[in-house]
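Here are my notes after a pass through the model you sent over.

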Amino acid sequence: MENSRLPSSSSASTALRPRLSRADGSPVRALVVDDEPTLTDLLSMALRYEGWDVKTASDGRTAVTMAREFKPDVIVLDVMLPDIDGLAVLNRVRADGAEVPVLFLTAKDSLDDRIAGLTAGGDDYVTKPFSLEELVARLRGLLRRSTVLVTDAVDPEVVVGDLVLNEDSHEVRRGDDEIELTATEFELLRFLMRNPRRVLSKAQILDRVWSYDFGGRSSVVEIYISYLRKKIDAGKSPMIHTVRGAGYMLKTAP
């Protein structure tokens, strides 16, 4: 699993409202199936951060039962499970008449495995290790293409001055310049841009961007702020500011 940021349950994470919902306004339902508890926890946190209702299963038979009872809008399904494999799970779900989109999750990376998953009726395929951001983006794409009616509640573009961040495509640009960011840099910038002209402490940033990782070492925040400045502010009026003794703030350039 890629060491990526995860949302925390702090108040900062509630600043982002759900961007996708069912046609009746209720949360999108996602079923995550994997026999690695740490992985299901991480994926569940990431999807709940999107505002989705998430259930998990650690084996195939439980997954089939949950699919029947929970009626998810999308399923993340590990191929290798301790009882029946993911392909068998999908066959049983499809036999029940459910056309729910399925994204296969597996450590395998051969062409044969990809073909087997898609031939069985899977809609997409992600190989471990993977980026949480990429997985969420793919699930959003599957939902939009499915028969499940979902609507965007919030514009995916976050704009502060001439800085634009697209939460769906993960594209960032300042003016006419496109900016390439790592997953962690992207999440840090998103947090700053979702809280413009607000001083964010190192503790808040650690809690939001890294969750429980790094043991609370504030030096990692300084390092990544430095990375962002080199990409965002290079050759331009600075937007990322240090508030001595308090933290960091992003605001439009003068």
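**Notes on the model**

1. Let's start in the sheet: S9 and strand S10 (residues 172-174) run antiparallel and are joined by three bridges. Across that pairing, leucine 165 sits opposite valine 172 in S10. Keep in mind throughout that this is a predicted model.

2. Zooming out, S9 and S10 belong to an open sheet of four strands, ordered S8-S9-S10-S11, with antiparallel pairing. Strand S8 (157-160) and strand S11 (177-179) are the edges, each pairing on one side only. On average, neighbouring strands here are turned by 20° against each other, if you ignore direction.

3. What packs on this sheet? That would be helix H6 (residues 183-193), which touches S8, S9 and S10. The direction of H6 makes about 115° with that of S9.

4. Have a look at asparagine 166 too, which lies in strand S9 (residues 163-166). Is asparagine 166 buried or exposed? Its relative accessibility is 14%, and the cut-off for buried is under 20%, so asparagine 166 counts as buried. Beyond its neighbours within four places in sequence, asparagine 166 is in contact with Pro156, Glu157, Glu171 and Phe186.

5. Now helix H3 (residues 86-95), whose buried residues are Gly86, Val89, Leu90, Val93 and Arg94. Looking down the axis of H3, these buried residues fall within an arc of 130°, so they line one face of the helix. As background, an α-helix has 3.6 residues a turn, so residues three or four places apart point the same way.

6. Just after H3 comes glycine 97, with a positive phi of about 90°.

7. Isoleucine 240 stands opposite leucine 250 in S13. Three residues separate S12 from S13, and glycine 245 in the turn has a positive phi of about 80°.

8. Finally, some totals for the whole chain. The secondary structure comes to eight helices and 13 strands, and 49% of the 254 residues are buried. Of the contacts between residues at least 6 apart in sequence, 62% join residues at least 24 apart. The chain exposes about 12000 Å², with carbon and sulfur atoms supplying 49% of that area.

Note on methods. Residues are numbered from 1 along each chain as its sequence is written. This is a predicted model: local features need pLDDT of at least 70, side-chain atom pairs count only at pLDDT 80 or more; totals for chains, interfaces and linings use all residues. Side-chain values use heavy atoms; hydrogens and water are left out. Helices (H or I, at least four residues) and strands (E, at least two) are DSSP runs, numbered from the N terminus. Buried means under 20% relative accessible area, exposed over 50%, partly exposed in between (1.4 Å probe, protein chains only). Contact means heavy atoms within 4.5 Å. Accessible areas come from the Shrake-Rupley method with a 1.4 Å probe; for residues, only the protein chains shown count as cover. Two strands pair if DSSP finds at least two bridges between them. The arc is that of the directions from the helix axis to the C-beta atoms. Axes are lines fitted to C-alpha atoms, for helices over the stretch in contact, and angles run from 0 to 180 degrees between N-to-C directions.
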